[in-house]
Amino acid sequence: MSPICTLVRGSFDDYLADALPAPQRRMLRDHLAACPECGELAVSRDPTFLFARVAPEQVPAAEAAGILSAVRTGVSLMEAERRLGRKSRRRVAGLGAAAAAAVVTLVVALQSFPAHRPPSVAARPAPVPAASENPSELSAAALADPGTTSASPDATVYDWNPGAGREEPRVVWIVDRGLDI
Amino acid sequence: MELVYSRERERREVAELSDRDLAIGARGGEMVCFETLVSRKTPVVVSLARRIVGNTEDARDVAQMVFLRVWNEIHRYDERYSVNTWLYRIATNLSIDFLRSSRSRERAHGATLHLVREREELTAADATRTAEDRELNRLFELVSMKLSGKQKAVFVLKEMEDRDTREIAEILGCGESTVRNHLFNARRVLRKEMARLYPEFLRGRPLA
């Protein structure tokens, strides 16, 4: 038994507690691989010592070449996928921009044709309360929208445009009591 | 002819670069650097994956996934850190994921899959290993079945790959005390399983 054997055998507990510095640890492992007596003793102390001497896997050259070839194919596929993704993203962005431009053009065109637009609140004459048999209904309508106007003595036009200037729908309805429906 | 010659020369020059320089080259889009890195690191990655997932066939699949992940994430590589640690991290995480999914597959299909795989093992790459290594690998595969993915990874990295505790903590993204805990628990489980499955082996050591 050499002095190294004594040293190694006294370090088993530290090794198992992961308290050995890296060089000593490596020295112990190398010694266990080379000295059968110390190896036996280590395994009888803790059987997990057995796995410390399993040699790393040897990969045959043909197998390594197979892995490299598979990786190469995978990389090509990934790159092709990436290129396709980039193209379709560009296409979607182009379509989106075209749609947005069409909407803007439409809005601008609609606003530039006053004949198609109902008269705005400011352009209309001051609201005149309609002759109504039910004043509460009128006042409720007037409260809902100050832009209530009357078109004829028997008809009341309710023009409700809460979002003037925004893209809110404008609601116009006419109650004509003169009509006999 | 001249083109083939210059490519060959380029390959030879690249083969002399360090891991770090190869990773930097691959990050810059140099395919030849990436391929050299793959060739150089294949044995390490297959060996680690083999020990965690338990068979060579699956280890090869994991190795391919590792290198594809490396290619995908190469733009994130930070040259201040070791290529090996980065690679080990990817390989360990993918192996643990693979182990988890294969364990759930095995639970679903019973022991048949394991037997088929064992037979494949014997007929393929095992021919290159010595008889004792083969026996030890099989023994480890059997007694480590009760280990969790993390415990197995820590034991493999520490005991079989001889990695430093601090490096293992970096690889697994946890603290050194967690690594020591996993190692302690892994040893306890392995001792128990060896005593349960091979009591005669512990007494008489028939493998040596």
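Which residues line the second largest cavity? In this predicted model, select A:Tyr15, A:Arg29, A:Leu32, A:Ala33, A:Gly39, A:Ala42, A:Val43, A:Phe49, A:Leu50, A:Ala52 and A:Arg53, and you will have the lining of that cavity on screen. By class, the lining comprises 8 nonpolar residues, 1 polar residue and 2 charged residues. The space inside comes to about 90 Å³, and the structure holds 4 cavities of 30 Å³ or more.

Next, turn to the place where the two chains meet. Select the 44 residues of chain B that are in contact with 35 residues of chain A; the area buried between the chains is about 3700 Å², and carbon and sulfur atoms give 58% of it.

Between chain B and chain A the count is 9 salt bridges, while 14 residue pairs are in polar contact, both residues being at pLDDT 80 or more.

Now display the helices of chain B that each supply at least two residues of the side touching chain A, namely α3 (31-53), α4 (56-73), α7 (131-143), α8 (149-160), α10 (176-197) and α11 (199-204). The largest share of that side, 11 residues, comes from α3(B). Coloured by class, the side of chain B that touches chain A shows 20 nonpolar, 9 polar and 15 charged residues.

Terms used
Residues are numbered from 1 along each chain as its sequence is written. Chains are lettered from A and ligands numbered from 1 in the order in which they are written. This is a predicted model: local features need pLDDT of at least 70, side-chain atom pairs count only at pLDDT 80 or more; totals for chains, interfaces and linings use all residues. Side-chain values use heavy atoms; hydrogens and water are left out. Contact means heavy atoms within 4.5 Å. Buried area is the accessible area (1.4 Å probe) that two parts lose on being put together, summed over both. A salt bridge is a side-chain nitrogen of Lys or Arg within 4 Å of a carboxyl oxygen of Asp or Glu. A polar contact is a pair of N or O atoms within 3.5 Å; within protein, one must be able to donate a hydrogen and the other to accept it, and residues adjacent in sequence count only if both atoms are side-chain atoms. Helices (H or I, at least four residues) and strands (E, at least two) are DSSP runs, numbered from the N terminus. Ala, Val, Leu, Ile, Met, Phe, Trp, Tyr, Cys and Pro count as nonpolar, Asp, Glu, Lys and Arg as charged, and the others, Gly among them, as polar. On a 1 Å grid over the protein atoms alone, a cavity is a set of points where a 1.4 Å probe fits but cannot get out, and a pocket is an open set with protein on both sides within 12 Å along at least five of seven lines; lining residues have an atom within 4 Å of a point. Grid points are joined across faces, edges and corners, and a volume is the space filled by probe spheres set on the points.
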